[in-house]
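Below is a short briefing on selected local features of the structure shown here.

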Amino acid sequence: MSTAAWIVLDHAVTVAGALAWFSAAGLVARQRSARLIGVMLSAGVALTITRAIPVAVLAGRGWWFVQEKAWFGLPVTGVAAAAAVVSGLSTRRGAGPAAGTVTALSAAGYAAVASFALSYLIGHPLTPVAAIIALAMIGTAALLTRRVLTEAPVPVRDSADLPAAGTGPAEMPRRRALVLAGAVAGLSAAGGVVGLSLRRDVAATEHPDGSEVSVTTLRGADTPAPGGVLRRYVRTARTATVRVGSDDVAAWTFEGTVPGPAIVAQQGDLVEVELLNQDIDAGVTLHWHGYDVPCAEDGAPGVTQDAVPVGGSHVYRFRADQAGTYWYHTHHASHPGVRRGLYGHLIVTPRAIPAGRRDLTMSVHTFDGHVPRLDGGGDHDVLAGTATRLRLINTDSDSHRFALTGTDFRVVAVDGRDLDRPTPVGSVQLRVPAGGRYDLEFTMPAAGATLLLNGDSAARLGTERGYPAAGSDAPNWPDLDLLTYGAAPPVRLPAPDRRLTLVLDRGIARVNGRPSFAHTVNGHAHPAIPDQVVRTGDLVHVTVVNRSFDTHPWHLHGHPVLILSRDGRSAQGSPLWVDSLDVRPGEVWEIAFRATNPGISSTRASHRS
Amino acid sequence: MKKLVTGLTVVLMVIVAVQFFLAAAGAFDTAPTEEAFAPHRALGNVILVLALIVALLAAVARMPARVAGTAGLVAALVLTQSVIKEIAGAVGDGSGALLFGVHGVNGLLIVGAVGALLRQAHGKSATAPRPVS
């Protein structure tokens with residue numbers, strides 16, 4: 001069973017437990033049969049104890065999944081349940097007052113609700129403030145329950161509604177209860193305010209030791225490598241109408257097309273791109289997705305440069321030292337900007353390319369309100385026997401599945417970096433994460449080949465126009481697991497200099513000063529996520545944990561990361577260097593990178609409903 | 001205090017009706033889902049807080065236990081709405097959409113619960129203004 005399923009099961013058991021306790025309380029309050037009460041009581045006890053099973057399993061998957069359950073949920077619900085049982089048994093013997101029993105049973109229910117709320121609404125990590133607030137709320141709810149009950153059944157000598165502020169002895173307990181409830185509620189509220197403000201304070205940026213270096217000075221080589229040339233490009237960002245399916249869409253484009261014209265270079269060339277902004281009011285930048293460019297060229301607005309306003313320009317320059325499949329896109333308001341079309345391909349080929357090879361680049365993109373489309377797809381004439389390279393790019397913030405029918409193929413590169421000794425595979429699907437790239441190579445079969453995007457035919461290669469029909473079973477093919485693909489032994493890494501853990505969750509956190517139910521990293525929501533500071537040259541080991549029910553696309557600027565393990569299972573195949581990866585619900589990824597590129601890199605988990 | 005509680009339950013009923021309007025408006029909005037349903041989500045939070053306040057006030061004002069209990073039930077059902085949304089989203093495409101149908105059914109339960117709350121709070125304060133000594 002998957003970790004996410006166990007998390008759901010744990011929630012379900014907790015909520016069912018709460019329902020059982022409340023039902024038992026209701027039955028006692030209505031003085032129903034002792035047997036019925038006994039059944040409900042037993043159900044409550046059983047569910048409270050049963051909960052230890054999912055918690056134990058989840059603890060095995062990682063402490064991050066159970067921290068608040070182990071420290072708060074289980075002990076508090078356990079104690080409340082024990083108190084409820086003692087109280088319930090004494091009632092059945094006719095000894096205790098019914099109101100006390102109902103309160104105790106309700107309190108067990110409140111404890112279960114609080115435990116669920118802490119897991120679901122607050123998430124990771126559990127803070128003492130959150131625990132205290134939760135306890136205070138259980139106490140307040142129990143007090144109020146008690147208060148309601150002591151009056152309800154028979155109003156014997158009630159004087160509560162007398163207009164005069166009677167201060168007789170009979171009034172005292174009521175007052176005290178009110179004051180106590182008020183104080184507890186007030187304390188909880190104060191605690192909540194303090195807690196939320198603490199969350200913000202902790203988020204303040206830590207500054208690294210040492211002298212400050214302006215990131216704009218962190219530029220790279222300004223001459224091509226021997227044998228390379230200077231390649232100049234101009235990319236003008238402007239609005240334009242593009243055809244999507246049968247609709248005209250008002251898009252944001254580079255040079256009027258989506259994707260923008262490809263930027264191509266050979267390894268060692270110096271690439272110089274002048275970015276002009278004609279009429280994109282929001283401003284634009286160029287970010288070289290996955291390409292290790294110097295920090296000043298990274299195009300992250302507000303971090304490495306200011307966005308280019310309408311009428312402005314910015315020149316980017318970097319040496320294309322790595323061959324591979326990449327893409328460029330605006331990084332200013334990148335989410336809407338890229339979605340509306342501000343992106344293009346960046347292809348760097350090795351100096352020596354085998355003659356007669358076909359090289360096709362296809363990128364998937366989704367405009368709002370439209371189905372995903374494959375740019376560069378459609379029909380291609382490819383002679384049988386031709387060595388063919390297919391470069392697949394995912395420009396969306398959701399993953400997409402590709403499948404190739406008609407031939408086996410090798411996945412020769414992922415995210416622009418070659419894999420070690422890839423073996424031919426067939427009848428598998430390739431799940432390309434948000435922003436990711438897969439390069440496939442195969443020899444063109446005589447009967448042609450068809451590329452499927454999310455199960456639908458998206459590109460056909462061949463000569464006879466008699467393309468093979470898309471296999472109907474292709475959508476059911478298993479995903480290729482890259483962690484076991486390729487043949488090389490795993491890289492031996494020295495001990496890391498720095499260990500970071502990023503727990504992705506959803507919870508109530510401050511977003512621009514307002515509390516909201518947001519995606520969080522270690523309990524903080526964007527933009528208050530603390531900076532992670534590492535020293536140049538450090539080997540950084542990162543554990544990414546996804547506690548939420550959403551897939552988190554994860555992308556590190558300026559460095560590829562080496563996948564070490566997923567869910568505790570070490571990578572077995574070719575060393576896998578990626579810049580884009582999907583962390584699915586309940587997954588734990590361990591990755592490593594060497595901080596060789598000084599400056600500010602951003603880790604990004606972007607979202608889209 | 002009881003008048004206040006009764007008034008708040010009326011407000012609650014009106015808001016719940018508006019909530020259905022916002023759900024339908026969001027469903028036919030051309031904006032991205034997250035944006036189209038922003039008002040619906042915000043009002044959902046208002047309903048949750050309001051239901052909790054009614055439960056709290058009813059308890060403090062020593063209204064019958066059922067009033068506080070029903071208000072608590074409303075709060076629980078409203079919380080369930082967001083849980084259903086999250087789970088359906090996590091399950092994804094086909095069965096997720098099916099599961100999301102429960103969100104609508106649960107919405108009707110909330111209407112029923114608020115209706116009962118209205119009756120309990122109103123009936124009590126209007127017809128039987130508590131036994132006075």
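**Selected features of chains A and B**

A:D439 lies in strand β17 (residues 437-443) of chain A; helices (H or I, at least four residues) and strands (E, at least two) are DSSP runs, numbered from the N terminus. This is a predicted model, in which local features need pLDDT of at least 70, side-chain atom pairs count only at pLDDT 80 or more, and totals for chains, interfaces and linings use all residues. Residues are numbered from 1 along each chain as its sequence is written, chains are lettered from A and ligands numbered from 1 in the order in which they are written, and side-chain values use heavy atoms, with hydrogens and water left out.

**A:D439**
- A:D439 has a relative accessible area of 0% and is buried (under 20% relative accessible area; 1.4 Å probe, protein chains only).
- Residues in contact with A:D439 (heavy atoms within 4.5 Å) include A:R389, A:R391 and A:R410, leaving aside residues up to four places away in sequence.

**Helix α3 of chain B**
- Helix α3 (residues 38-60) of chain B has 23 residues.
- Among the buried residues of α3(B) are B:H40, B:L43 and B:I47.

**Strand β8 of chain A**
- Seven of the seven residues of strand β8 (residues 343-349) of chain A are buried, so the strand is largely enclosed by the rest of the structure.
- Strand β3 (residues 260-266) of chain A runs parallel to β8(A), joined by five bridges (strands pair if DSSP finds at least two bridges between them).
- A:V264 is opposite A:I347 of β8(A).
- Strand β7 (residues 324-329) of chain A runs antiparallel to β8(A), with six bridges.
- A:Y326 has A:L346 in β8(A) as its bridge partner.

Methods
Buried < 20%, exposed > 50% of the residue type's maximum accessible area, 1.4 Å probe, protein only. Expected span 1.5 Å × (residues − 1).
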